[in-house]
Amino acid sequence: MTANNKRDDWWKQAVVYQVYPRSFKDANGDGLGDIAGVTEKIPYLKALGVDAIWLSPFYPSDLADGGYDVIDYRNVDPRLGTMDDFDAMVAAAHEAGIKVIVDIVPNHTADKHVFFQEALAAGPGSPERDRYIFRDGRGEHGELPPNDWISLFGGPAWEQVPDGQWYLHIFAKQQPDVNWNNPDIHEEFKKTLRFWSDHGTDGFRIDVAHGLAKDLESTPLDQMDPLAVQHGLCHDFTSPLWDRREVHDIYREWREVFNEYNPPRFAVGEAWVVPEHQHLYASTDELGQVFNFEFAEANWDVDAMRAAILAGLRSAEETHDSTTTWVMSNHDVPRHVSRYGLPQVPASSHHQLAKDWLLRDGTSYFEDRELGTKRARAAILMELGLPGSVYIYQGEELGLPEVADIPWDRLEDPTPFFTRERFIEKGRDGCRVPLPWVAADVPAPADWNEGFGTGASFGFSPATKADGSASVDPHLPQPLWYKDYAADAEAADDASMLNLYRTTLTLRASLLTATADTADCAAIDAGHDVIAYSRPSTDGRRFASYTNFGAAAVTLPAGEVVLASGDLTADGALPQDTTVWILLD
């Protein structure tokens, strides 16, 4: 166990590795990653140097939204294993000194959840139906939805049921929004938090944390903005759906549950809110931490990155007893190696450029993969030197780029199903392709697309199932160029991204994690094109990180260079798109 993980407040400085279970490691050969596969790779995660793993949903699900349509919150999807498998995974992680965080999805259930099935059976006006957000329709016979809201995945945000009423689904129609004004919902989720805590879980990631409390009564539905479900950033708490003050009553209630355990459980919120509101979710009277999405959304630009860092540090200071989070990639955004390799246009245009690139299926149009990799190497050092927790998305440590050209008929994400006729956006599958573990286990080219493979799976699945039959192809196709990013090949290459992560995490743990106070991080003025900061190190010297975004090499201060993301110049200066860690004299 790391020194940090011996602390009750370990989460304040943790390095958390996000596992997207269905694409991490397949232990039984059915083409889906599973809980036993996570257990199998605990030694890899220990060698990487992470403090905790966060598992995206592994619950029973029809996979209408990658597992975020939960049928049963207190069980394991039988395709991914059993509760015994989960308990064995937690035991193995804890034995390795690794904490376990699980994903909680409280804004909506699956349409096959028992509560929703009871709501359909009970009918309008029933206590069971009150657990969700049902409304009568407009029109002479209620044939029109209650209003013109648009789902975040495309199409109407309302779905009609056989008796004529409509239910709200901000996401896919298989994900009906629950009614947090109903006490049954409060009890259901408190029971769920206790269940996983009793099974050894150390913390929780809260999906759509800013969306639980809703007000559909203050204004007639037919007078509400048709795009209201897409207006998540609001400074005055007046959105009918997002970031309402009442949501914090829910999290103060949850804090009472967290504090029933020793040490208390913590949670990190996925809250897409204005920076000024982040600290409310991160209060240790509520969740404890919130994602700093300004950092994840920033393109490779010195002003954008500096602003994101300052926003994160300021948010942590406002909570007084929490820390900020740093994250560059996750299961919802294109991988940052590819984002940083795109033309770095103004921030307002960058997200659309990424979508356009995904649409065009291609690296040949925009992406400079070598440049993106160089910038990603610099970014991880810049990120890991900062105070707070760092969230690493699986495959990030291998330097995986986005798989942009998955054929349309192999996609799983719900977004393309609403946009496919217009070929607007491929969705999030490009960052969810199963990981490559073994370079020699190369798939055979497939007939339908020579860029992808069939059969072998770079070690994602075993060669055969337990009964001797051939393993099933991975649930998303792997590109043949994955062989260059396989974990075993990178482990043998001292200059690989994997070994950079291992080295950086080792140094972070030995030099920095004893100093948790955000106020101890001080900016260094090294010119406009350089982001530089310093913190106390564990050996009594001052640790400093310098990242050069400019074309001109930068002269470094006197001190011991302990790590660099790339080669320095012949005279020891810092070139463009490079980060260096120094112990100052």
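**Close-up 1. Helix α15 and the lining of the largest cavity.** Helix α15 (residues 497-511) contributes three residues to the lining of the largest cavity, the most of any element; helices are DSSP runs of H or I with at least four residues, strands are E runs with at least two, and both are numbered from the N terminus. The model is predicted, with local features requiring pLDDT of at least 70 and side-chain atom pairs pLDDT 80 or more, while totals for chains, interfaces and linings use all residues. Residues are numbered from 1 along each chain as its sequence is written, and side-chain values use heavy atoms, without hydrogens and water. The largest cavity holds about 50 Å³ of space. Its lining includes Thr2, Asp51, Leu505, Arg508 and Thr513. By class, this lining has three nonpolar, four polar and two charged residues. A cavity is a set of points on a 1 Å grid over the protein atoms alone where a 1.4 Å probe fits but cannot get out; a pocket is an open set with protein on both sides within 12 Å along at least five of seven lines, and lining residues have an atom within 4 Å of a point.

**Close-up 2. The second largest pocket.** The volume of this pocket is about 350 Å³, taken as the space filled by probe spheres set on grid points joined across faces, edges and corners. Its lining comprises 24 residues, with Ile133, Arg135, Asn179, Asn181 and Glu217 nearest the centre. Elements giving two or more residues to this lining are β4 (134-135) and α6. Ten lining residues are nonpolar, six polar and eight charged (nonpolar: Ala, Val, Leu, Ile, Met, Phe, Trp, Tyr, Cys and Pro; charged: Asp, Glu, Lys and Arg; polar: the others, Gly among them).

**Close-up 3. The ring pair of phenylalanine 204 and phenylalanine 258.** The count of aromatic pairs is 36, where rings of Phe, Tyr and Trp (its six-membered ring) pair if their centres lie within 6.5 Å, and planes under 30 degrees apart are stacked, over 60 edge-to-face and the rest tilted. Phenylalanine 204 and phenylalanine 258 are stacked because their ring centres are 5.9 Å apart and their planes at 15°. Phenylalanine 204 is in strand β7 (residues 203-206) and phenylalanine 258 in helix α6 (residues 247-258), so the pair ties together parts 54 residues apart in sequence. Both phenylalanine 204 and phenylalanine 258 are buried (under 20% relative accessible area, 1.4 Å probe, protein chains only).

**Close-up 4. A charge over a ring.** The charged end of arginine 131 sits over the ring of phenylalanine 115, 3.9 Å from its centre; the criterion is NZ of Lys or CZ of Arg within 6 Å of the ring centre and within 35 degrees of the ring normal.

How values were computed
Buried means under 20% relative accessible area, exposed over 50%, partly exposed in between (1.4 Å probe, protein chains only).
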